[in-house]
Amino acid sequence: MANPIVARSLDEIQFWSRIMKEHALFLSLGFTYEQKQLIEEANYFIGLFERIEEKLSKLTINSDLRFVQAFNNEVYQAAVAIWAYKRKVLGLTLRCEIRSNNYPLLIDHISREAAYFANRLQELNQGILAPKADDIIKENVFFLKIMADHAKFIGHLLDPSERKLVEQAREFSHDFDQLLFQAIDLDYMRPQSETQPILSQFLDQNRVSVTSLRDFKKTARDLIEACRIKSNIHPLLADHTFREAERFLEIIDMYERSLTGDY
């Protein structure tokens with residue numbers, strides 16, 4: 001029987017390494033021509049995570065736990081390195097030392113995802129497979145912020161003439177901001193007893209909203225790929241945000257299983 005830590009580690013690396021590689025690509029596309037050093041660094045990370053994906057392809061859920069833990073450490077170092085690169089770019093941007101087409105919020109957004117990835121690898125190497133009740137709230141705060149950011153990016157990157165889609169993106173942004181505030185309130189309350197009904201209802205509410213946003217992203221992705229709407233959204237970026245919404249839905253299901261002890 002496969003070790004659950006091995007299986008979860010490979011799944012996390014498969015998903016997030018691709019995300020990290022795409023982050024580097026998106027940053028490189030947003031830099032101006034004279035920012036050659038930053039573009040070269042972005043290209044380095046594209047290659048780094050491609051090599052990680054190549055190593056990952058040779059592993060299976062039946063791989064040795066100690067080998068996978070060593071691989072987790074290797075990927076952790078890569079995640080920390082790209083996090084530091086993203087924070088450097090954010091600092092340069094906020095100090096107006098560079099001007100590019102990368103929104104500061106977007107750079108901060110992708111650095112938060114790198115930190116999350118690194119933290120997950122550490123947790124897995126510590127044998128932590130499923131979050132505790134309080135951690136479920138905190139992780140929802142993280143992912144709800146990610147979804148709210150996505151809605152804002154979509155709204156700003158659509159052509160202003162796409163009024164209906166822009167308005168839909170704004171509505172999703174407002175919806176997820178409200179869910180985020182609700183999650184923060186719940187985190188402050190820190191319920192210590194009878195938490196399962198509260199958390200289950202909270203997760204159900206999130207699932208409904210994330211499913212709606214996921215479907216909106218899928219429609220936008222398909223329209224962008226077919227060149228049927230006007231925007232500055234790269235087709236890969238549209239698919240990227242769709243996959244992250246899908247991932248959040250999978251994680252919500254994982255949270256539900258951990259609450260009921262089925263994980």
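Reply: One definition to start: a residue is buried under 20% relative accessible area, exposed over 50%, and partly exposed in between. Note also that this is a predicted model.

Me: Is leucine 236 buried, partly exposed or exposed?

Reply: Leucine 236 is found in helix H8, residues 235-260. Its relative accessibility is 23%. The in-between class runs from the 20% limit to the 50% limit, so leucine 236 counts as partly exposed.

Me: Which residues does leucine 236 touch, not counting residues up to four places away in sequence?

Reply: The test for contact is heavy atoms within 4.5 Å. With residues up to four places away in sequence left out, leucine 236 touches Glu22, Leu25, Phe26 and Arg243.

Me: How far apart in space are leucine 236 and serine 100, C-alpha to C-alpha?

Reply: In sequence, leucine 236 and serine 100 are 136 residues apart. In space, C-alpha to C-alpha, the separation is 19 Å.

Me: Is serine 209 buried or exposed?

Reply: Serine 209 lies in helix H7, residues 195-225. Its relative accessibility is 10%. The limit for the class is under 20%, so serine 209 counts as buried.

Me: Which side chain makes a polar contact with the side chain of serine 209?

Reply: Beyond four places in sequence, serine 209 touches Asp175, Phe176 and Leu179. The polar contact of its side chain has a distance of 3.2 Å. The partner is the side chain of aspartate 175.

Me: How much area do domain 1 and domain 2 bury between them?

Reply: The domain assignment gives domain 1 as 1-129 and domain 2 as 130-262. Their centres, over C-alpha atoms, are separated by 21 Å. In contact are 23 residues of domain 1 and 23 residues of domain 2. Carbon and sulfur atoms hold 64% of the buried area, which is about 2000 Å².

Me: How many salt bridges are there between domain 1 and domain 2?

Reply: Polar contacts across this interface come to 9 residue pairs, both residues at pLDDT 80 or more. For salt bridges between domain 1 and domain 2, the count is 5.

Me: Which helix supplies the largest share of the side of domain 1 that touches domain 2?

Reply: Helix H1 (4-30) and helix H4 (104-125) each supply at least two residues of that side. By class, the side has 12 nonpolar, 2 polar and 9 charged residues. The largest share, 12 residues, comes from H1.

Me: Which residue meets arginine 112 in a salt bridge?

Reply: The bridge joins two side chains, at 2.8 Å from N to O. The partner of arginine 112 is aspartate 149.

How values were computed:
Residues are numbered from 1 along each chain as its sequence is written. This is a predicted model: local features need pLDDT of at least 70, side-chain atom pairs count only at pLDDT 80 or more; totals for chains, interfaces and linings use all residues. Side-chain values use heavy atoms; hydrogens and water are left out. Helices (H or I, at least four residues) and strands (E, at least two) are DSSP runs, numbered from the N terminus. Buried means under 20% relative accessible area, exposed over 50%, partly exposed in between (1.4 Å probe, protein chains only). A polar contact is a pair of N or O atoms within 3.5 Å; within protein, one must be able to donate a hydrogen and the other to accept it, and residues adjacent in sequence count only if both atoms are side-chain atoms. Domain bounds come from an automatic or database domain assignment. Buried area is the accessible area (1.4 Å probe) that two parts lose on being put together, summed over both. A salt bridge is a side-chain nitrogen of Lys or Arg within 4 Å of a carboxyl oxygen of Asp or Glu. Ala, Val, Leu, Ile, Met, Phe, Trp, Tyr, Cys and Pro count as nonpolar, Asp, Glu, Lys and Arg as charged, and the others, Gly among them, as polar.
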